[in-house]
Amino acid sequence: MVALKQALGSGRLVALWYDLPPGARSLLRPEGDRPHLRYLVEGSEALLSSHSGVGAFPLQEFRVEAQESFPSLAEEFPALDWFERELWEDHGLVPEGHPSLKPLRNHHSVYSRQAVPKGIVRLPYPFDRVEGLHEVPVGPVHAGIIEPGHFRFSVLGERILHLEIRLGYQHRGVEQLFQGKSLEQALLLAERAGGEPVAHALAFCQAVEAALGVEVPPRARWLRGVLLELERLFGHLGHLAGLFTDIGYAYAATQVGKVRALLQGQLERLTGHRYGRNALTVGGVGFDIDPETQVEVRGALAKLAAEAETHLAAALKHPMVLDRLRYVGTLTQAQARWLGLVGPAARASGLGRDLRQDDALYQPFTPVVRSGGDVLARAQVYAEEVRQGFVYLDRFLGELPAGAVRVNGAWLKEGELREAHSRVEAGRGELFYWVRLRGNRVERVKIVDPSFKNWRALELAVRGMGLPDFPIINKSFDLSYAGCDL
C-alpha cells in the first residue's frame, strides 16, 4: 500500500478493477485462487507535461488481494471514490474508511452480508443534506431529449452551494454481457458500450491484438486514425453547437451544426455508417478507399475545415459568448488533478496530457492546453482540437500508405489464456479497456469510459454559480450518461 500511495500521490490513476481468477464463475466469492484488486497508475511526468514523443509516460500496476474488505484511499485520493463505490456495489468488497459510501448505480441497494443470505438490503437512497438550504431536484426525466440523470442542488436563493449527482439509470451490465462472447460478437458490443463507437471499437481491438500478438498493417492504422479523428471532430462540433444553442447564439449553433452533419456524411461515405460502426475489425479495418475517393474526401474536408475555422473564430470572439462563458464553472488545475480528470476538460484546466502524445502516427504532437478552467477555456480547447484534427486528417489521407487493410489474427488454442489492456484518446478523453481471452472468446472485460472520471468535476464547477448557469456548465464538460453507467 505504501508504494501504491506514493504512485498515486505523484501520478494519475488510470483504472481500478476487480480481477477474478481465470475461469471463476461467481461474481462475489469464487472458489480456489483468491481474487485481487488491480490499480493501474500513470507516472508523474504525464500530469503537467506537454511533451511530444512516444512512450514518455510509464505505467505501474499494483495488485492487492481482495478480502471481505480493503482499505479505502478515496479520502486521500478522490479519483478513487467512484471506483471504490463500484467495487462495493458490484462485488460486496467494503472499502473501509470511505468518506461517503453509497450506491453508485443501483440506487436502493446496499450490501449487508449479515442481514440476509443474498447480501442485499433495500434502503432509501441517502442524499446529502445541507441544513438551512433549499433543495432543488432536477431530473431524472428532463425537458429535452437527453439521457436521464438526477441532480440534487442545495441553494441559497439561486446560488448553488452544493450539488449531488445520481446516475445509474442507463446501467446495462455491459461488462457482464461481454463474458463468453466471440471476438466478433464482443466487437459489436464494444461499439454500443458508450457514445463514441469508433473509440470503443478501437480500444477493444487494440487490447485483443496486444493479447494475441497481432501486428496491424500500416494502412489499417492510418485508416483507423482517419475514423478516430472524424469522430472526435463531429463530436466536438456537435458539443460546441449545443453550447451556442444554450446561450441563445442560434446563428453559430446552426452553422457549426451544419459542418458537423457534413463531417458525419464523410464518415458514412468511407464506412457506410454515419457513426463508423462495423468499420473496425480485430487485425485492421473492414473497409478500404480507392484513390479517387481519397482525393474527393480530402478536398471536401479541406472546405469543411475552412468553414469551421471561420465560424468558430468569429463565435469565440463574440462579446455575447465571452460575456456568458468567461469565469463561469471554473475548475482549477489542483481540483482537476485531485479528481483525476481526463480529456479536453482536464486540458482546459492546465493538465497537459493527451494519449496521442504516445502514438507514432501523430508525431510531432503537442496537446491543446488552456489554464482558465472555465466554460470558455473548455470551448477554446474543443475549437482548437477541431483545427488540429483537420490537420491530422489531411495528413493521414494525403500520406496513406499502400498495402493490406487487415491481417488474420494469431488465434488461440481452446482454453489458452491471454490478457492485455489498451488506452485510446477518445473525443471525451482517455478510454481504457482490459480484456482477458480464453481461447477465441472473451472471459473478462473492464471498461473505464472518460465520463466515469469526469462527472464529479461538475459537482465542484457549479459551486458558487447561479442555477441558470448549470446547463452551460454541464454542457461544457461533454459528459456521457450511458458511458458512465456501463
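Guide: The second largest cavity has a volume of about 90 Å³, where a cavity is a set of points on a 1 Å grid over the protein atoms alone at which a 1.4 Å probe fits but cannot get out, and the volume is the space filled by probe spheres set on points joined across faces, edges and corners. Its lining (residues with an atom within 4 Å of a point) consists of 12 residues, of which Arg12, Leu341, Val342, Gly343 and Arg353 are the closest to the centre. By class, six of the lining residues are nonpolar, one is polar and five are charged; here Ala, Val, Leu, Ile, Met, Phe, Trp, Tyr, Cys and Pro count as nonpolar, Asp, Glu, Lys and Arg as charged, and the others, Gly among them, as polar.

This is a predicted model, in which local features need pLDDT of at least 70 and side-chain atom pairs pLDDT 80 or more, while totals for chains, interfaces and linings use all residues. Residues are numbered from 1 along each chain as its sequence is written, and side-chain values use heavy atoms, with hydrogens and water left out.

Tyr18, His91, Glu175, Gln176 and Val445 are the closest to its centre among the 16 residues that line it. At least two lining residues come from each of strand E1 (12–19), helix H3 (81–91), helix H4 (174–177) and strand E15 (441–448), these being DSSP runs numbered from the N terminus (helices H or I, at least four residues; strands E, at least two). Helix H3 gives the largest share, four residues, and the lining as a whole holds eight nonpolar, three polar and five charged residues.

Turning to the aromatic side chains, there are 19 aromatic pairs, meaning Phe, Tyr or Trp rings (for Trp the six-membered one) whose centres lie within 6.5 Å, with planes under 30 degrees apart called stacked, over 60 edge-to-face and the rest tilted.

Note on methods
On a 1 Å grid over the protein atoms alone, a cavity is a set of points where a 1.4 Å probe fits but cannot get out, and a pocket is an open set with protein on both sides within 12 Å along at least five of seven lines; lining residues have an atom within 4 Å of a point.
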